[in-house]
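Work through the following exercises with the structure open beside you. Try each task before reading its solution.

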Amino acid sequence: EIASSEAQLAGFERRSAEMAGRLERVTLERESLDLARLEHVARAEELGRSIEDLRAGRVTTAAEKAWLEERMGELKTLLHTQEQALEDAKGELSKKRSRHHALEEMHARLEGVGAGTRALVASRDGCIAGLVADRVEAPAELTHALAGLLGSRLQDVVVSDMERGLALLQELAEGRQGRATLVPLHPAFVAGASGKESCSTNRLADLLRFEPADEALVRSLVGDAVVVRDRAAAAQLRDAGVQASIVTLDGTVLHADGSVSGGQGDELAAGMIDGKRETRELAEAIGRLDHVVTQRLAALQASRVELAQTGAALDKARHEVHARELALVTTEKDLQKAEGQIDGIVRRLEVIGAETSELTRAIDEAGHERAEAERVLDEARGRAVSAASELGESEAALAAARELLEQQRQVVTARRISI
């Protein structure tokens, strides 16, 4: 059953990736069609004006024609530059969105986190406010310092209701789903400082990023710990009488009780901190790039509209006076063609709209099915663990029964010998 559920999940992943790819292609086609429709609408409008001008006998002068040709060259150069800039921004945006999506998936899977912690978060209980790593962020240069100080505490589960949290821990124990550590979202915190005031500017808590509502939580975990450049600086502070914990940039911790923690860095903890910071930075970058893409797309659309208008005006200017009637007929045909193209694009956009809605619905359904499959897989794994436990108990009972039987046989043998 577990293998079937895992295979089903893999199938959902493939289906989701395929549908996401189709949706992206449809979206790109829709954007291209929108641009083409704007061009054709602009050309149709210009052609309509051209027909009116021709019928009225309007003649474009040679000076106007020369200016239009010059402007067309400028617009083509500008258009190429804008298209390249738009593609660059879209490429960068796509990369950052992919990375952001990958980080969110890693966070959702809680890779490297203990089974008990994963089980608590997966319960989606209302009292669970996430992990400690979700509530605090460190600058890149302080990643190893914070990871060294807190270590596995970054995996602690933050709860808004400790009584409910204790009940969830009991459920973990009863279900043999591992262990977890809870910390209150609003712990009792009394502001205070250890050591000398001259170190206050180097307190680690003051250099971290967190929501104002989480200040008590963060300070209850970090305390008055001081961050310094290296072990030599840490030793100087300790010799100077600083009693608080001291942590170096590489993650070595001189605890207030005199113990020292160090060695190889805690890569899991550092990864959780880096992932939190990178996710926020990516979200901000995605917002900025979205705005840039929107601006560049608007500028490109405006240039294309102007290019179409200028091209139509230039075409009109090239007509000679004696070919006015012929130009009128040709322009009318061009207008009909442009309108036909617009109608074709509109029909295709309607089809794409329907397909986009269907793909979105299918992706949502696949997401629900995947969640259900994950639930079934979790239940199957839980039953497998329970079955393994029951088998162990049965084997122990069988061994005890065999030992008792052997004792009884020895008693019978002894009696037969005595008789």
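**Exercise 1.** Which residues in α5 meet which residues in α9?

Solution. The model is a predicted one, in which local features need pLDDT of at least 70 and side-chain atom pairs count only at pLDDT 80 or more, while totals for chains, interfaces and linings use all residues. Residues are numbered from 1 along each chain as its sequence is written, and side-chain values use heavy atoms, with hydrogens and water left out.

Step 1: helices (DSSP runs of H or I, at least four residues) and strands (runs of E, at least two) are numbered from the N terminus. Contact means heavy atoms within 4.5 Å, and on the α5 side T143, H144, L146 and A147 meet E267, A269, A270, I273, D274 and R277 of α9.

Step 2: sorted by class, this contact of α5 with α9 has five nonpolar, two polar and three charged residues. Here Ala, Val, Leu, Ile, Met, Phe, Trp, Tyr, Cys and Pro count as nonpolar, Asp, Glu, Lys and Arg as charged, and the others, Gly among them, as polar.

**Exercise 2.** At what angle do the axes of α5 and α9 cross?

Solution. Step 1: axes are lines fitted to C-alpha atoms, for helices over the stretch in contact, and angles run from 0 to 180 degrees between N-to-C directions. The axes of α5 (residues 143-150) and α9 (residues 267-317) come within 8 Å and cross at roughly 130 degrees.

Step 2: that angle makes α5 oblique to α9, since angles under 35 degrees count as roughly parallel, over 145 as roughly antiparallel, 65 to 115 as roughly perpendicular and the rest as oblique.

**Exercise 3.** Which strands stand at the edges of the open sheet?

Solution. Step 1: the open sheet has four strands in the order β4-β5-β6-β7, with mixed pairing; two strands pair if DSSP finds at least two bridges between them.

Step 2: β4 (226-228) and β7 (260-261) stand at the edges, and each has a single partner strand, so one side of each is left without a neighbour in the sheet.

Step 3: β4 pairs with β5 (residues 246-248) in the parallel sense over three bridges, and V228 stands opposite T248 in β5.

**Exercise 4.** Which parts does the salt bridge between E355 and R22 tie together?

Solution. Step 1: a salt bridge is a side-chain nitrogen of Lys or Arg within 4 Å of a carboxyl oxygen of Asp or Glu, and the side chains of E355 and R22 meet in one at 3.8 Å, N to O.

Step 2: E355 lies in α10 (residues 324-418) and R22 in α1 (residues 2-56), so the pair ties together parts that are 333 residues apart in sequence.
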